[in-house]
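Subject: Structure handover

Hello,

Here is the structure I promised to pass on to you. Please have a look at it first, and then read my notes below.

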Amino acid sequence: THTERRERRKQRGRGVEQGRAVSENMPWRAVSRRASAPQEDSDSLFFKSLLEDFRSLSVRTRQDLKFQIHKLVYEAKCMEAGHWGESNGVQLTSL
């Protein structure tokens with residue numbers, strides 16, 4: 001009935017007023033929220049910190065920069081894997 005619904009709304013409101021999150025009464029909500037917001041590592045935070053400046057660049061410059069970043073990562077992976085050595089004179093590209 002209408003009175004029962006009103007009473008349930010009041011009880012939910014009291015839970016928030018008492019400092020309890022509504023999700024405490026509904027554990028499935030708390031779990032789904034945690035699952036949708038994974039912790040970010042320092043690498044992700046680093047690249048996100050560059051976004052504002054990156055987006056302020058022209059489209060052409062952004063494309064070039066993306067290519068250079070991919071190239072740097074590829075070269076670094078090859079160096080770590082031992083595909084390139086100092087003996088062949090290959091160096092990492094500098095921007």
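A word on terms before the findings: a residue is called buried when its relative accessible area is under 20%, exposed when it is over 50%, and partly exposed in between, using a 1.4 Å probe and protein chains only. Please keep in mind that this is a predicted model, where local features need pLDDT of at least 70, side-chain atom pairs count only at pLDDT 80 or more, and totals for chains, interfaces and linings use all residues. Residues are numbered from 1 along each chain as its sequence is written, and side-chain values use heavy atoms, with hydrogens and water left out.

**The overall picture**

The protein chain has four helices and zero strands, giving the pattern α-α-α-α along the sequence. Here helices (H or I, at least four residues) and strands (E, at least two) are DSSP runs, numbered from the N terminus. Of its 95 residues, 7% are buried. The chain exposes about 8,600 Å², with carbon and sulfur atoms supplying 53% of that area; accessible areas come from the Shrake-Rupley method with a 1.4 Å probe, and for residues only the protein chains shown count as cover.

**A patch and a pocket**

Phe47 sits in helix H3, which covers residues 42-55. Is Phe47 buried or partly exposed? Its relative accessibility is 48%, so Phe47 counts as partly exposed. Together with Phe46 and Leu50, Phe47 makes a nonpolar surface patch with about 300 Å² of accessible area. (Patches are made of residues with over 30% relative accessible area and no salt bridge; like charges are joined within 9 Å, and nonpolar side chains, namely Val, Leu, Ile, Met, Phe, Trp and Tyr, within 5 Å.)

H3 gives the largest share of the lining, five residues, and H3 and H4 each supply at least two.

**Two salt bridges**

The structure holds two salt bridges, each a side-chain nitrogen of Lys or Arg within 4 Å of a carboxyl oxygen of Asp or Glu. One joins Glu40 to Lys48, with the closest N and O atoms 2.8 Å apart. Glu40 is partly exposed at 40%, and Lys48 is partly exposed at 48%.

The other links Arg60 and Asp64 at 3.6 Å, N to O. Because they are four residues apart in helix H4 (residues 59-81), about one helical turn separates Arg60 from Asp64. Arg60 is exposed at 56%, while Asp64 is partly exposed at 37%.

Best wishes
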